[in-house]
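Subject: Structure handover

Hello,

Here is the structure you asked about. Please open it first, then read my notes below.

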Amino acid sequence: MAGLPTCPLPQNDDYRALSLSGHVGFSTLPDQLVKKSIRRGFCFNILCVGETGSGKSTLINSLFNTSFDDPVSTHFLPKVELRAQTYELQERNILLKLTIVNTVGFGDQINKEDSYQPIVDYIDAQFEAYLQEELKIKRSLSNYHDSRIHVCLYFISPTGHSLKPLDLLTMRSLDSKVNIIPVIGKADSITKSELQNFKKKIMSELVSNRIQIYQFPTDDETVSKMNSIMNGHMPFAVVGSDEKVQIGKKMVRVRQYPWGIVQVENENHCDFVKLREMLICTNMEDLREQTHARHYELYRRCRLEEMGFRDTGPGNEPVRKSRRPLFLPAVGQPVCICCQ
(Lines give C-alpha, C1' and ligand atoms only; values in the text may rest on other atoms or scores of the structure.)
Protein backbone atom coordinates (compact mmCIF):
# COMPACT_ATOMS: atom_id res chain seq x y z
CA MET A 1 0.00 0.00 0.00
CA ALA A 2 3.09 2.21 0.02
CA GLY A 3 2.75 5.34 -2.07
CA LEU A 4 -1.08 5.38 -2.06
CA PRO A 5 -2.82 8.53 -0.73
CA THR A 6 -4.24 8.09 2.75
CA CYS A 7 -7.59 9.39 3.95
CA PRO A 8 -7.13 11.79 6.91
CA LEU A 9 -8.76 10.42 10.05
CA PRO A 10 -10.59 12.62 12.58
CA GLN A 11 -8.42 13.98 15.36
CA ASN A 12 -9.68 11.62 18.05
CA ASP A 13 -7.80 9.51 20.59
CA ASP A 14 -10.12 6.59 19.82
CA TYR A 15 -8.54 6.15 16.37
CA ARG A 16 -5.13 4.68 15.68
CA ALA A 17 -3.32 4.75 12.35
CA LEU A 18 -1.98 1.31 11.42
CA SER A 19 0.18 0.22 8.52
CA LEU A 20 -0.78 -2.87 6.51
CA SER A 21 1.66 -5.70 5.98
CA GLY A 22 -0.03 -6.86 2.79
CA HIS A 23 -2.87 -6.39 0.31
CA VAL A 24 -6.39 -6.41 1.81
CA GLY A 25 -8.62 -5.25 -1.02
CA PHE A 26 -10.56 -2.18 0.12
CA SER A 27 -8.60 -0.10 -2.39
CA THR A 28 -11.16 -1.38 -4.93
CA LEU A 29 -13.98 0.53 -3.20
CA PRO A 30 -13.98 3.36 -5.80
CA ASP A 31 -14.29 0.78 -8.60
CA GLN A 32 -17.18 -0.88 -6.77
CA LEU A 33 -18.97 2.47 -6.44
CA VAL A 34 -18.47 3.22 -10.13
CA LYS A 35 -19.92 -0.15 -11.18
CA LYS A 36 -22.88 0.26 -8.83
CA SER A 37 -23.59 3.79 -10.10
CA ILE A 38 -23.45 2.68 -13.73
CA ARG A 39 -25.85 -0.17 -13.00
CA ARG A 40 -28.34 2.16 -11.29
CA GLY A 41 -28.00 5.02 -13.75
CA PHE A 42 -28.29 8.69 -12.92
CA CYS A 43 -31.04 11.28 -12.83
CA PHE A 44 -30.80 14.97 -13.58
CA ASN A 45 -33.63 17.48 -13.42
CA ILE A 46 -33.51 20.85 -15.17
CA LEU A 47 -35.95 23.71 -14.61
CA CYS A 48 -36.12 26.21 -17.48
CA VAL A 49 -37.53 29.57 -16.43
CA GLY A 50 -38.04 32.30 -18.98
CA GLU A 51 -40.57 34.13 -21.07
CA THR A 52 -42.26 32.41 -23.98
CA GLY A 53 -40.03 32.58 -27.05
CA SER A 54 -36.77 33.10 -25.14
CA GLY A 55 -35.20 29.96 -26.66
CA LYS A 56 -35.60 27.50 -23.79
CA SER A 57 -36.64 24.41 -25.76
CA THR A 58 -34.17 25.01 -28.57
CA LEU A 59 -31.29 25.36 -26.13
CA ILE A 60 -32.18 22.12 -24.34
CA ASN A 61 -32.31 20.32 -27.70
CA SER A 62 -28.86 21.71 -28.51
CA LEU A 63 -27.39 20.85 -25.10
CA PHE A 64 -28.31 17.18 -25.33
CA ASN A 65 -27.95 16.93 -29.11
CA THR A 66 -31.43 15.53 -29.61
CA SER A 67 -34.98 16.69 -30.26
CA PHE A 68 -37.39 16.65 -27.33
CA ASP A 69 -41.12 16.59 -28.07
CA ASP A 70 -41.97 19.91 -26.46
CA PRO A 71 -45.16 21.40 -27.94
CA VAL A 72 -45.25 25.08 -28.84
CA SER A 73 -46.58 27.24 -26.00
CA THR A 74 -49.27 29.88 -26.33
CA HIS A 75 -48.97 33.45 -25.08
CA PHE A 76 -52.53 33.56 -23.72
CA LEU A 77 -52.53 31.33 -20.63
CA PRO A 78 -54.28 32.87 -17.61
CA LYS A 79 -51.49 31.75 -15.27
CA VAL A 80 -48.07 30.12 -15.27
CA GLU A 81 -48.08 26.35 -15.69
CA LEU A 82 -45.19 23.94 -15.18
CA ARG A 83 -44.80 21.09 -17.66
CA ALA A 84 -42.47 18.24 -16.68
CA GLN A 85 -41.33 15.61 -19.17
CA THR A 86 -38.92 12.76 -18.41
CA TYR A 87 -36.67 11.05 -20.93
CA GLU A 88 -34.17 8.21 -20.78
CA LEU A 89 -30.92 9.00 -22.56
CA GLN A 90 -27.96 6.69 -23.05
CA GLU A 91 -24.40 7.61 -23.95
CA ARG A 92 -22.03 4.67 -24.25
CA ASN A 93 -23.07 2.49 -21.28
CA ILE A 94 -24.27 5.36 -19.06
CA LEU A 95 -28.03 5.77 -18.57
CA LEU A 96 -29.38 9.20 -17.68
CA LYS A 97 -32.97 9.82 -16.65
CA LEU A 98 -33.44 13.45 -17.63
CA THR A 99 -36.43 15.54 -16.58
CA ILE A 100 -37.07 18.88 -18.26
CA VAL A 101 -39.48 21.20 -16.45
CA ASN A 102 -40.66 24.14 -18.53
CA THR A 103 -42.50 27.22 -17.28
CA VAL A 104 -45.36 27.67 -19.74
CA GLY A 105 -46.81 31.17 -19.89
CA PHE A 106 -44.18 32.77 -17.65
CA GLY A 107 -44.22 36.54 -18.09
CA ASP A 108 -47.23 36.53 -20.45
CA GLN A 109 -49.86 37.75 -17.99
CA ILE A 110 -50.72 41.43 -17.61
CA ASN A 111 -50.44 41.10 -13.82
CA LYS A 112 -47.07 39.38 -13.27
CA GLU A 113 -46.99 39.87 -9.51
CA ASP A 114 -47.45 36.18 -8.63
CA SER A 115 -45.84 34.63 -11.72
CA TYR A 116 -43.06 33.12 -9.61
CA GLN A 117 -45.36 31.42 -7.07
CA PRO A 118 -46.24 28.30 -9.14
CA ILE A 119 -42.49 27.72 -9.64
CA VAL A 120 -41.79 27.97 -5.91
CA ASP A 121 -44.72 25.66 -5.17
CA TYR A 122 -43.48 23.08 -7.68
CA ILE A 123 -39.95 23.01 -6.21
CA ASP A 124 -41.33 22.69 -2.69
CA ALA A 125 -43.67 19.89 -3.79
CA GLN A 126 -40.71 17.85 -5.05
CA PHE A 127 -38.86 18.40 -1.77
CA GLU A 128 -41.97 17.37 0.15
CA ALA A 129 -42.41 14.20 -1.89
CA TYR A 130 -38.79 13.20 -1.18
CA LEU A 131 -39.19 14.00 2.52
CA GLN A 132 -42.33 11.89 2.81
CA GLU A 133 -40.51 8.97 1.17
CA GLU A 134 -37.51 9.45 3.44
CA LEU A 135 -39.67 9.31 6.57
CA LYS A 136 -41.54 6.13 5.70
CA ILE A 137 -41.00 3.13 7.94
CA LYS A 138 -40.40 0.99 4.86
CA ARG A 139 -38.61 3.36 2.56
CA SER A 140 -36.97 2.62 -0.77
CA LEU A 141 -34.92 5.64 -1.74
CA SER A 142 -32.69 3.56 -4.00
CA ASN A 143 -35.69 2.89 -6.28
CA TYR A 144 -37.33 6.28 -5.72
CA HIS A 145 -37.54 8.58 -8.74
CA ASP A 146 -35.91 11.73 -7.43
CA SER A 147 -37.79 14.64 -8.97
CA ARG A 148 -36.03 17.41 -7.02
CA ILE A 149 -34.78 20.19 -9.27
CA HIS A 150 -30.99 20.13 -9.60
CA VAL A 151 -30.50 23.29 -11.63
CA CYS A 152 -32.56 26.23 -12.83
CA LEU A 153 -31.54 27.73 -16.15
CA TYR A 154 -32.94 31.24 -15.87
CA PHE A 155 -33.37 32.78 -19.33
CA ILE A 156 -32.87 36.53 -19.54
CA SER A 157 -34.22 38.43 -22.53
CA PRO A 158 -31.43 40.04 -24.60
CA THR A 159 -32.60 43.63 -24.17
CA GLY A 160 -29.10 44.99 -23.58
CA HIS A 161 -30.32 47.21 -20.75
CA SER A 162 -31.09 45.66 -17.36
CA LEU A 163 -33.00 42.91 -15.59
CA LYS A 164 -36.76 43.23 -15.44
CA PRO A 165 -38.47 43.50 -12.04
CA LEU A 166 -40.02 40.08 -12.71
CA ASP A 167 -36.54 38.58 -13.14
CA LEU A 168 -35.30 40.03 -9.86
CA LEU A 169 -38.41 39.00 -7.94
CA THR A 170 -38.36 35.45 -9.32
CA MET A 171 -34.65 34.81 -8.77
CA ARG A 172 -34.85 36.25 -5.26
CA SER A 173 -37.67 33.79 -4.50
CA LEU A 174 -35.75 30.83 -5.94
CA ASP A 175 -32.14 31.31 -4.90
CA SER A 176 -32.54 29.50 -1.55
CA LYS A 177 -34.39 26.59 -3.17
CA VAL A 178 -32.45 25.75 -6.33
CA ASN A 179 -29.10 26.23 -8.07
CA ILE A 180 -29.62 29.16 -10.45
CA ILE A 181 -27.51 29.58 -13.59
CA PRO A 182 -28.51 32.74 -15.48
CA VAL A 183 -28.28 32.64 -19.27
CA ILE A 184 -28.97 35.27 -21.90
CA GLY A 185 -31.11 33.57 -24.52
CA LYS A 186 -30.83 34.36 -28.23
CA ALA A 187 -27.69 36.34 -27.48
CA ASP A 188 -26.92 36.86 -31.16
CA SER A 189 -29.62 39.53 -31.33
CA ILE A 190 -27.37 42.19 -29.73
CA THR A 191 -23.83 43.29 -30.54
CA LYS A 192 -20.74 42.00 -28.73
CA SER A 193 -20.08 45.32 -27.00
CA GLU A 194 -23.72 45.55 -25.87
CA LEU A 195 -23.51 41.97 -24.67
CA GLN A 196 -20.45 42.55 -22.49
CA ASN A 197 -22.00 45.65 -20.91
CA PHE A 198 -25.26 43.74 -20.40
CA LYS A 199 -23.42 40.93 -18.59
CA LYS A 200 -21.74 43.40 -16.23
CA LYS A 201 -25.05 45.14 -15.60
CA ILE A 202 -26.79 41.84 -14.79
CA MET A 203 -24.10 40.72 -12.32
CA SER A 204 -24.13 44.16 -10.67
CA GLU A 205 -27.91 44.01 -10.22
CA LEU A 206 -27.75 40.48 -8.82
CA VAL A 207 -25.17 41.55 -6.25
CA SER A 208 -27.02 44.73 -5.28
CA ASN A 209 -30.25 42.76 -4.81
CA ARG A 210 -28.44 40.04 -2.83
CA ILE A 211 -29.46 37.27 -5.20
CA GLN A 212 -27.30 34.17 -4.87
CA ILE A 213 -26.60 32.32 -8.10
CA TYR A 214 -24.79 29.01 -8.40
CA GLN A 215 -21.00 29.26 -8.30
CA PHE A 216 -18.97 26.52 -9.91
CA PRO A 217 -16.92 24.88 -7.12
CA THR A 218 -13.25 25.81 -6.81
CA ASP A 219 -12.24 23.48 -3.97
CA ASP A 220 -11.24 20.64 -6.31
CA GLU A 221 -7.79 21.44 -7.68
CA THR A 222 -8.45 19.45 -10.87
CA VAL A 223 -11.18 21.86 -12.00
CA SER A 224 -10.67 24.90 -9.75
CA LYS A 225 -8.84 26.99 -12.37
CA MET A 226 -11.38 26.33 -15.11
CA ASN A 227 -14.36 26.80 -12.79
CA SER A 228 -12.95 30.10 -11.51
CA ILE A 229 -12.67 31.35 -15.09
CA MET A 230 -16.19 30.18 -15.92
CA ASN A 231 -17.63 31.91 -12.85
CA GLY A 232 -16.37 35.13 -14.42
CA HIS A 233 -18.24 34.40 -17.67
CA MET A 234 -21.70 34.30 -16.10
CA PRO A 235 -24.32 34.95 -17.21
CA PHE A 236 -23.69 32.76 -20.24
CA ALA A 237 -24.71 34.30 -23.55
CA VAL A 238 -26.14 31.38 -25.48
CA VAL A 239 -27.58 30.55 -28.87
CA GLY A 240 -29.44 27.34 -29.69
CA SER A 241 -30.62 25.92 -32.97
CA ASP A 242 -32.33 22.86 -34.39
CA GLU A 243 -30.94 23.55 -37.86
CA LYS A 244 -27.77 21.82 -39.03
CA VAL A 245 -25.56 22.55 -42.03
CA GLN A 246 -22.35 20.95 -43.22
CA ILE A 247 -19.23 23.01 -42.66
CA GLY A 248 -16.16 21.21 -43.91
CA LYS A 249 -16.67 17.55 -43.04
CA LYS A 250 -18.86 18.16 -39.98
CA MET A 251 -22.56 18.85 -39.47
CA VAL A 252 -22.96 21.76 -37.07
CA ARG A 253 -25.89 23.57 -35.49
CA VAL A 254 -26.29 27.07 -36.87
CA ARG A 255 -28.61 30.04 -37.14
CA GLN A 256 -28.67 31.46 -40.66
CA TYR A 257 -29.13 35.14 -41.44
CA PRO A 258 -28.94 37.13 -44.66
CA TRP A 259 -25.52 38.42 -43.59
CA GLY A 260 -24.08 35.06 -42.55
CA ILE A 261 -24.38 32.24 -40.01
CA VAL A 262 -23.96 31.89 -36.26
CA GLN A 263 -22.38 28.58 -35.24
CA VAL A 264 -23.80 27.36 -31.94
CA GLU A 265 -20.61 25.50 -30.97
CA ASN A 266 -18.21 28.23 -32.04
CA GLU A 267 -16.88 29.90 -28.89
CA ASN A 268 -16.23 33.09 -30.83
CA HIS A 269 -19.96 33.32 -31.54
CA CYS A 270 -21.53 32.48 -28.14
CA ASP A 271 -21.01 30.76 -24.75
CA PHE A 272 -22.91 27.59 -25.61
CA VAL A 273 -19.86 25.31 -25.36
CA LYS A 274 -18.89 26.85 -22.01
CA LEU A 275 -22.38 26.26 -20.62
CA ARG A 276 -22.51 22.65 -21.81
CA GLU A 277 -19.03 21.91 -20.45
CA MET A 278 -19.81 23.41 -17.03
CA LEU A 279 -23.35 22.07 -16.75
CA ILE A 280 -22.97 18.51 -18.05
CA CYS A 281 -19.33 17.49 -18.35
CA THR A 282 -17.80 19.02 -15.22
CA ASN A 283 -20.32 20.00 -12.54
CA MET A 284 -23.45 17.86 -12.96
CA GLU A 285 -22.64 15.80 -9.87
CA ASP A 286 -21.89 18.90 -7.80
CA LEU A 287 -25.28 20.33 -8.79
CA ARG A 288 -26.92 17.13 -7.57
CA GLU A 289 -24.96 17.23 -4.31
CA GLN A 290 -25.74 20.90 -3.69
CA THR A 291 -29.42 20.22 -4.22
CA HIS A 292 -29.42 17.55 -1.51
CA ALA A 293 -26.90 18.97 0.96
CA ARG A 294 -27.92 22.61 0.76
CA HIS A 295 -31.38 23.27 -0.65
CA TYR A 296 -33.17 20.10 0.41
CA GLU A 297 -31.59 20.13 3.89
CA LEU A 298 -32.78 23.70 4.39
CA TYR A 299 -36.32 22.69 3.39
CA ARG A 300 -36.18 19.58 5.57
CA ARG A 301 -34.95 21.49 8.61
CA CYS A 302 -37.64 24.15 8.25
CA ARG A 303 -40.37 21.52 7.89
CA LEU A 304 -39.23 19.59 10.95
CA GLU A 305 -38.93 22.74 13.04
CA GLU A 306 -42.36 23.80 11.78
CA MET A 307 -43.78 20.58 13.23
CA GLY A 308 -42.04 21.17 16.57
CA PHE A 309 -39.13 18.75 16.19
CA ARG A 310 -35.94 19.61 18.06
CA ASP A 311 -32.57 17.93 18.49
CA THR A 312 -32.29 19.34 22.01
CA GLY A 313 -34.79 20.11 24.76
CA PRO A 314 -35.36 23.40 26.64
CA GLY A 315 -32.35 22.69 28.87
CA ASN A 316 -30.14 21.86 25.86
CA GLU A 317 -30.42 18.16 26.70
CA PRO A 318 -30.73 15.63 23.86
CA VAL A 319 -34.29 14.72 22.97
CA ARG A 320 -35.01 10.99 23.38
CA LYS A 321 -35.50 9.31 20.03
CA SER A 322 -38.48 7.38 21.38
CA ARG A 323 -40.44 10.62 21.63
CA ARG A 324 -40.07 11.40 17.93
CA PRO A 325 -42.89 10.55 15.53
CA LEU A 326 -42.29 8.03 12.76
CA PHE A 327 -43.93 10.16 10.09
CA LEU A 328 -44.35 13.77 9.13
CA PRO A 329 -47.72 15.01 7.91
CA ALA A 330 -47.77 16.52 4.46
CA VAL A 331 -48.03 20.26 4.07
CA GLY A 332 -51.50 21.44 5.06
CA GLN A 333 -52.45 18.25 6.92
CA PRO A 334 -53.28 18.41 10.65
CA VAL A 335 -50.82 16.96 13.14
CA CYS A 336 -52.04 14.16 15.39
CA ILE A 337 -51.89 15.27 19.03
CA CYS A 338 -50.55 11.86 20.08
CA CYS A 339 -47.50 12.35 17.88
CA GLN A 340 -46.44 15.71 19.27
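A salt bridge here is a side-chain nitrogen of Lys or Arg within 4 Å of a carboxyl oxygen of Asp or Glu. Keep in mind that this is a predicted model.

Salt bridges first. Side chains of opposite charge can pair when their charged atoms come close. Searching the whole structure turns up 15 salt bridges.

Start with R288 and E285. Their side chains meet in a salt bridge, at 2.9 Å from N to O. Both residues sit in helix α8, which covers residues 284–306. They are three residues apart, about one turn of the helix.

Look at one pair in it. K199 forms a salt bridge with D271, and their closest N and O atoms are 2.6 Å apart. What does this pair tie together? K199 is in helix α5 (residues 192–208), while D271 is in the loop between β9 (260–263) and α7 (272–282). The pair therefore links parts that are 72 residues apart in sequence. K199 and D271 are both buried.

R276 pairs with E265, with the closest N and O atoms 3.2 Å apart. R276 belongs to helix α7 and E265 to the loop between β9 and α7, so this pair ties together parts eleven residues apart in sequence. E265 is partly exposed, because its relative accessibility is 38%.

Now the core. In soluble globular proteins, nonpolar side chains tend to be buried together. The largest nonpolar core in this model has 70 residues. Which members touch the most others? They are I46, L153, I181, F236 and L275. Helix α3 (residues 117–134) gives the most to this core, with seven residues.

Last, a helix pair. The axes of α3 and helix α4 (residues 165–174) come within 10 Å and cross at roughly 15 degrees. Angles under 35 degrees count as roughly parallel, so α3 is roughly parallel to α4. The crossing is right-handed. I119, V120 and I123 of α3 make the contact with T170, S173 and L174 of α4.

Best wishes

Note on methods:
Residues are numbered from 1 along each chain as its sequence is written. This is a predicted model: local features need pLDDT of at least 70, side-chain atom pairs count only at pLDDT 80 or more; totals for chains, interfaces and linings use all residues. Side-chain values use heavy atoms; hydrogens and water are left out. Helices (H or I, at least four residues) and strands (E, at least two) are DSSP runs, numbered from the N terminus. Buried means under 20% relative accessible area, exposed over 50%, partly exposed in between (1.4 Å probe, protein chains only). A nonpolar core is a set of buried Ala, Val, Leu, Ile, Met, Phe, Trp, Tyr and Cys residues joined through side-chain atoms within 4.5 Å. Axes are lines fitted to C-alpha atoms, for helices over the stretch in contact, and angles run from 0 to 180 degrees between N-to-C directions. Angles under 35 degrees count as roughly parallel, over 145 as roughly antiparallel, 65 to 115 as roughly perpendicular and the rest as oblique. A crossing is left-handed if the near helix is turned anticlockwise from the far one by less than a right angle, and right-handed if clockwise. Contact means heavy atoms within 4.5 Å.
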